[in-house]
Amino acid sequence: MNEKRILLAEDDLISAKLLQESLTSLGYQVTLAEDGRMAKDIFSDTPFPIVVTDYDMPEMNGSELIDFLKEEDDEPIIIVLTNHSETSLIIDIMKKGIYDYIVKPIDTEELSLKLNRALEIYNMRRLEKVTKREREMRLEGHLDWIKWKERIGGSGKFKNVNQTLFESLKTSFNQGTGFGALVSLIKIVSD
């Protein structure tokens, strides 16, 4: 998956095309949406790591699009483009949990820096999710091991199995030395 993908929601097609060309020259793959509703439909079909959205758009404005994106499982990094520089509006936008905003006219260099940082944050979030899932899988495996050990330990013919052997196998599985532990486990089962 090309992680330098950006969904750009901008109703001013001239500005959108200029921004798309500029970002494409920086190595980004930019998909355009003419309004928030189109951006919502595109994102629903194919999630993007980064969404850059104009705040004022017809059909579905930037605020509504942000609300939709914040509910997604694969939440993107959101950058808002706006013509407004009023502090109260900027605070309201930031309270929605977006990554950053840019007041138009857009400085391409500033946007490029923000996009690079946004990609780093997106990748860190993704790595954190993978790490969390791996941890959950290890815990589930550990619980399965304990349940299996209790079932086997409770039956008459396996009561004499050396408890330290079970503990060393458990340690081996948890530390990732699977093949040697697997051979020992096969030997135990065959005995």
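1. Helix α1 spans residues 13–25 of this predicted model. The helix has 13 residues, and the distance from its first C-alpha to its last is 18 Å, close to the 18 Å expected at 1.5 Å a residue. Ala-16, Leu-19, Gln-20, Ser-22 and Leu-23 are buried in α1. These residues lie on the same side of α1, because they cover an arc of only 165 degrees around the axis. The face turned away from that buried side carries Ile-14, Leu-18, Glu-21 and Ser-25, which are exposed. Just after α1 comes Gly-27, with a positive phi of about 100 degrees.

2. The overall layout is as follows. The protein has seven helices and five strands. Read from the N terminus, the elements run β-α-β-α-β-α-β-α-β-α-α-α. Of the 191 residues in the protein, 34% are buried. Among contacts with a separation of 6 or more, 57% are between residues 24 or more positions apart.

3. The five strands form an open sheet in the order β2-β1-β3-β4-β5, with parallel pairing. At its edges are β2 (29–33) and β5 (100–103), each of which pairs on one side only. Neighbouring strands are turned against each other by 20 degrees on average, direction ignored. As background, strands of a sheet pair through backbone hydrogen bonds, either parallel or antiparallel.

4. The pairings can be followed across the sheet. β1 and β3 run parallel and are joined by four bridges; here Ala-9 has Thr-53 of β3 as its bridge partner. β3 pairs with β4 over five bridges, again in the parallel sense. Strand β4 (residues 77–82) is joined to β5 by four bridges, and these two strands also run parallel. One of the residue pairs here is Ile-79 with its bridge partner Asp-100 in β5. Helix α1 packs on the sheet and touches β1 (5–9), β2 and β4. The direction of α1 makes about 165 degrees with that of β2. Helix α3 (residues 62–70) packs on the sheet as well, touching β1, β3 and β4. Its direction makes about 160 degrees with that of β3.

5. Thr-53 counts as buried because its relative accessibility is 0%, under the 20% cut-off. In β4, Val-80 stands opposite Thr-53. Leaving aside residues up to four places away in sequence, Thr-53 touches Ala-9, Gly-62, Leu-65, Ile-78, Ile-79, Val-80 and Leu-81. Gly-36 is 17 residues from Thr-53 in sequence, and the two C-alpha atoms are 7.9 Å apart in space.

6. Arg-5 belongs to strand β1. Is Arg-5 buried or exposed? With a relative accessibility of 10%, Arg-5 counts as buried. A polar atom of the Arg-5 side chain lies 2.7 Å from the backbone oxygen of Pro-47. Not counting residues up to four places away in sequence, Arg-5 touches Gln-29, Thr-46, Pro-47, Phe-48, Pro-49 and Ile-50.

7. Two backbone features in loops deserve a check by eye. For context, most residues other than glycine have a negative phi, and most peptide bonds are trans. Glu-59 is not a glycine but has a positive phi of about 65 degrees. Glu-59 sits in the loop between β3 and α3 and is exposed, with a relative accessible area of 57%. The other feature is the peptide bond from Lys-104 to Pro-105, which is cis, with omega near 5 degrees. Pro-105 is found in the loop between β5 and α5 (108–154).

Key
Residues are numbered from 1 along each chain as its sequence is written. This is a predicted model: local features need pLDDT of at least 70, side-chain atom pairs count only at pLDDT 80 or more; totals for chains, interfaces and linings use all residues. Side-chain values use heavy atoms; hydrogens and water are left out. The expected span of a helix is 1.5 Å times one less than its number of residues. Buried means under 20% relative accessible area, exposed over 50%, partly exposed in between (1.4 Å probe, protein chains only). The arc is that of the directions from the helix axis to the C-beta atoms. Contact means heavy atoms within 4.5 Å. Two strands pair if DSSP finds at least two bridges between them. Axes are lines fitted to C-alpha atoms, for helices over the stretch in contact, and angles run from 0 to 180 degrees between N-to-C directions. A polar contact is a pair of N or O atoms within 3.5 Å; within protein, one must be able to donate a hydrogen and the other to accept it, and residues adjacent in sequence count only if both atoms are side-chain atoms.
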